[in-house]
Amino acid sequence: MIMRGPMIPPDTTTGNLLKRGQPAEWRHSDAWRVLRIQSEFVDGFDALAELGPAVTVFGSARVGEDDAAYDAARGMGRDIASHGVAVVTGGGPGIMEAANRGAAEAGGVSVGLGIELPHEQGLNEWVNLGMTFRYFFVRKTMFVKYSSGVIVCPGGFGTLDEMFELLTLVQTHKSTSMPIVLFDTAYWTGLLDWIETTLRPRRMISAWDPSLVVTTDDPQEAVRVALRDLR
Ligand SMILES: C/C(=C\CNc1ncnc2c1ncn2[C@@H]1O[C@H](COP(=O)(O)O)[C@@H](O)[C@H]1O)CO
């Protein structure tokens, strides 16, 4: 396009870009939010594109070092890393910290994908490749996209949300199938029984395939199953 003489507009795109003192309400608009979401995806893909094989460990943010599950997750992190596989967690305290700790102690890649939360403490000190997300759904995309297997340790709503999201994606074939290990049979039995005895007979699930998940009390077995597709 050519503009000459009076057709040349008084403002230019660069001039508009550099103009100071503009109203700033647009920062709270959905249009701007979409760009922020987009940039989170770009940053996540950039950070993880060359990660290589990885196993994600989900589990409670609330367990302390004195909890047996902490020890187990630490051992699993160590074991996964010793196979040259990265350990991915939500980067927070509890089980996440334990798995990252084991991975870091084994000299492995210890990934923390944190989430901005009120009173958030930041990424745990054992993460050696980390990023913090504003949006849960962007972060969950990273867990699924970059994992070849998942170990779910005991946890609360956060852990259940992550587990059921993954099960839904695998069951609907949105994600390629991957080993999903539930660690600590006593913790998960009630939920699995309820799925079998209530959801299935009431046809709330069409084709629950129990082989989608493996349940174990053995941390080494959990890691062996989670690494199944990497052999
Ligand atoms: C509760 C406390 C801190 C919360 N900090 C978290 N940081 C990172 N990721 C988290 C955090 N809390 C939950 N998550 C995610 O959900 C899962 C654990 O949730 P649960 O409800 O405890 O099971 C975990 O896998 C994370 O991805 C103060 O200690």
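Biologist: Which backbone oxygen does the side chain of Asn100 reach?

Modeller: In this predicted model, the Asn100 side chain comes to 3.1 Å from the backbone oxygen of Val111.

Biologist: Where does Asn100 lie?

Modeller: Asn100 is in helix H4, which covers residues 95-105.

Biologist: Is Asn100 buried or exposed?

Modeller: Buried, because its relative accessible area is 0% and the limit for buried is under 20%.

Biologist: What does Asn100 touch, not counting residues up to four places away in sequence?

Modeller: With those set aside, Asn100 touches Val87, Thr89, Gly91, Ser110, Val111, Gly112, Asn124, Trp126 and Val127.

Biologist: Staying with H4, at what angle do H3 and H4 pack?

Modeller: The angle between helix H3, residues 68-82, and H4 is about 35°, and their axes are 6 Å apart. The H3 and H4 crossing is right-handed.

Biologist: Which residues make that contact?

Modeller: H3 supplies Ala69, Tyr70, Ala73, Arg74, Gly77, Arg78 and Ala81. From H4 come Ile95, Glu97, Ala98, Ala99, Arg101, Gly102, Ala103 and Glu105. By class, the contact of H3 with H4 has 8 nonpolar, 2 polar and 5 charged residues.

Biologist: Next topic, H2 and H5. At what angle do their axes cross?

Modeller: Roughly 25°, with the axes of H2 (residues 30-48) and H5 (residues 136-146) coming within 10 Å. Angles under 35 degrees count as roughly parallel, so H2 and H5 are roughly parallel to each other. Their crossing is right-handed.

Biologist: Which residues of H2 and H5 meet?

Modeller: On the H2 side they are Ile37, Glu40, Phe41, Gly44, Phe45 and Leu48. Those residues meet Phe137, Val138, Thr141, Met142, Lys145 and Tyr146 of H5. The contact of H2 with H5 divides into 8 nonpolar, 2 polar and 2 charged residues.

Biologist: Which residues in H5 are buried?

Modeller: Val138, Arg139, Lys140, Met142, Phe143, Val144 and Tyr146. The buried residues of H5 pack against H2, S1, strand S2 (86-89), strand S3 (110-115), strand S4 (129-133) and helix H6 (157-171).

Biologist: Now loops. Where does Pro53 lie?

Modeller: Pro53 is in the loop between H2 and strand S1, 54-58. Pro53 counts as partly exposed, at 38% relative accessibility. Leaving aside neighbours within four places in sequence, Pro53 is in contact with Gly84, Val85, Ala86 and Leu230.

Biologist: And what separates the C-alpha atoms of Pro53 and Gly108?

Modeller: A distance of 12 Å, with the two residues 55 apart along the chain.

Biologist: Last topic, backbone angles. What is the phi of Asp184?

Modeller: About 95°, a positive value although Asp184 is not a glycine. Most residues other than glycine have a negative phi. Asp184 sits in the loop between strand S6 (180-183) and helix H7 (185-199). At 24% relative accessibility, Asp184 counts as partly exposed.

Biologist: What about the phi of Arg203?

Modeller: Arg203 is not a glycine either, and its phi is positive at about 55°. Its place is in the loop between H7 and strand S7, 213-216.

Biologist: Is Arg203 buried or exposed?

Modeller: Exposed, because Arg203 has 73% relative accessibility and the limit for exposed is over 50%.

How values were computed
Residues numbered from 1 in each chain as written. Predicted model: local features only at pLDDT ≥ 70, side-chain atom pairs only at ≥ 80, totals over all residues. Heavy atoms only, no water. Axes fitted to C-alpha atoms, helices over the stretch in contact; angles between N-to-C directions. Helix = DSSP H or I, 4+ residues; strand = E, 2+ residues; numbered from the N terminus. Parallel < 35°, antiparallel > 145°, perpendicular 65-115°, else oblique. Left-handed = near helix turned anticlockwise from the far one by under 90°. Contact = heavy atoms within 4.5 Å. Nonpolar A, V, L, I, M, F, W, Y, C, P; charged D, E, K, R; others polar. Buried < 20%, exposed > 50% of the residue type's maximum accessible area, 1.4 Å probe, protein only. Polar contact = N/O pair within 3.5 Å; in protein donor to acceptor, adjacent residues only side chain to side chain.
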